[in-house]
Amino acid sequence: MALFGALFVALLAGAQAELSGCKIRVTSKALELVKQEGLRFLEQELETITIPDLRGREGHFYYNISEKVYEFLSTFITSGMRFLLNQQICPVLYHAGMVLLNSLLDTVPVRSSVDELVGIDYSLLKDPVASDSNLDMEFRGAFFPLAEGNWSLLNRAVEPQLQEAERMVYVAFSEFFFDSAMESYFRAGALQLSLVGDKVPHDLDMLLRATYFGSIVLLSPAVIDSPLKLELRVLAPPRCTIKPSGTTVSVTASVTIALVPPDLPEVQLSSMIMDARLSAKMALRGKALRTQLDLRRFRIYSNQSALESLALIPLQAPLKTMLQIGVMPMLNERMWRGVQIPLPEGMNFVREVVTNHVGFLTIGADLHFAKGLREVIEKNRPANTRDPLASSAPPPSTAAA
């Protein structure tokens with residue numbers, strides 16, 4: 001019975017365990033790079049240490065030992081030097097190491113805003129796993145609308161896996177990572193577009209008026225020449241599909257065509273459904289994950305009747321052209337700003353390689369220190385602790401007079 005209870009608890013814990021949307025593997029090559037940069041930082045710290053002269057009195061014996069004669073007297077004052085090392089140099093090295101570690105960790109974004117609408121959560125889901133050759137970390141990797149800070153999307157996607165070790169760093173993203181982004185923007189009301197009057201391409205305006213000429217001529221003269229309105233509204237959160245052959249995004253939206261006479265209610269001419277499939281290419285630039293979208297498939301149909309769907313066929317090509325020329329550039333401009341990857345300040349990704357798998361993709365890259373560790377630490381150190389060594393270094397050793 002006890003065995004059954006333990007098994008049930010284990011299964012329950014497993015069922016409630018949160019899957020990661022983003023994983024990062026730091027290989028031994030990256031750790032060696034960080035080690036070398038850390039040693040360079042410690043060397044710089046040691047250069048700031050000055051060992052004071054030893055002055056004092058023991059009974060009737062006065063002494064004054066300068067730094068230049070330490071080596072000559074080393075055989076006689078071994079225990080004294082050991083005391084000096086323990087009291088002055090070791091605390092400085094410990095302090096320098098702690099400053100280095102904490103300063104780097106403080107620059108890693110955990111929960112931050114992407115823009116004015118959406119934020120991202122890079123909370124660690126479990127302790128990092130270290131092996132002889134890698135350091136693996138699992139992050140929540142979930143976007144959320146800033147207006148709903150406590151909202152979260154349930155992760156049902158394939159968990160990303162990291163097997164490679166040739167590059168310094170590997171980052172894996174599941175479909176959930178991208179789905180949570182699109183659902184967050186959907187909930188924030190960002191996935192809609194309205195073009196009115198001069199914003200509608202001239203050729204498309206003429207084609208739409210010709211298509212719906214029979215409906216327009218029946219309207220009052222005050223409405224016939226009114227500006228045209230074209231509205232696109234995504235009906236459900238888009239979904240991402242990652243396969244070895246590529247990454248696609250599926251979108252379903254409504255398209256509404258109407259006339260908007262001044263100071264009068266708008267007059268709807270037609271409403272249709274648009275299905276679109278976009279291809280997505282991912283890339284790392286610096287510390288930003290960027291996405292380039294391209295419209296691949298597009299079709300419109302009526303949700304009223306098959307006959308009306310046939311009447312919409314002439315609109316399909318010009319509407320697709322309008323999306324490619326007018327909408328996709330605006331969308332890609334926003335997407336190309338990218339989202340930050342949880343990497344300490346001063347480090348950037350270089351020479352990245354993207355590999356698609358079933359349900360997730362991995363990006364392998366090398367690391368480049370765009371800033372020295374001292375620059376990062378000084379930038380993020382509070383103003384009142386700019387010179388911690390001056391206050392934490394022990395005073396010169398003196399004996400009571």
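Modeller: Contact here means heavy atoms within 4.5 Å. This is a predicted model, in which local features need pLDDT of at least 70 and side-chain atom pairs count only at pLDDT 80 or more, while totals for chains, interfaces and linings use all residues. Residues are numbered from 1 along each chain as its sequence is written, and side-chain values use heavy atoms, with hydrogens and water left out.

Colleague: Leaving aside its neighbours within four places in sequence, which residues is Phe173 in contact with?

Modeller: Phe173 and Leu289 touch the most other members of the largest nonpolar core, which has 68 residues. Such a core is a set of buried Ala, Val, Leu, Ile, Met, Phe, Trp, Tyr and Cys residues joined through side-chain atoms within 4.5 Å, where buried means under 20% relative accessible area, exposed over 50% and partly exposed in between, with a 1.4 Å probe and protein chains only. With those sequence neighbours set aside, the residues in contact with Phe173 are Gly21, Cys22, Phe178, Ile242, Leu289, Ile341, Phe360, Leu361 and Ile363.

Colleague: In what order do the six strands of the open sheet lie?

Modeller: Strands (E, at least two residues) and helices (H or I, at least four) are DSSP runs numbered from the N terminus, and two strands pair if DSSP finds at least two bridges between them. The edge strands, each pairing on one side only, are β6 (129-130) and β17 (347-356). With antiparallel pairing, the order is β6-β7-β1-β9-β18-β17.

Colleague: What angle does the direction of helix α4 make with that of β9?

Modeller: Strand β9 (residues 169-174) pairs with β18 (residues 360-369) in the antiparallel sense over six bridges, and Ser174 has Phe360 in β18 as its bridge partner. Helix α4 (residues 175-187) packs on the sheet and touches both β9 and β18. Taking axes as lines fitted to C-alpha atoms, for helices over the stretch in contact, and angles from 0 to 180 degrees between N-to-C directions, the angle between α4 and β9 is about 60°.
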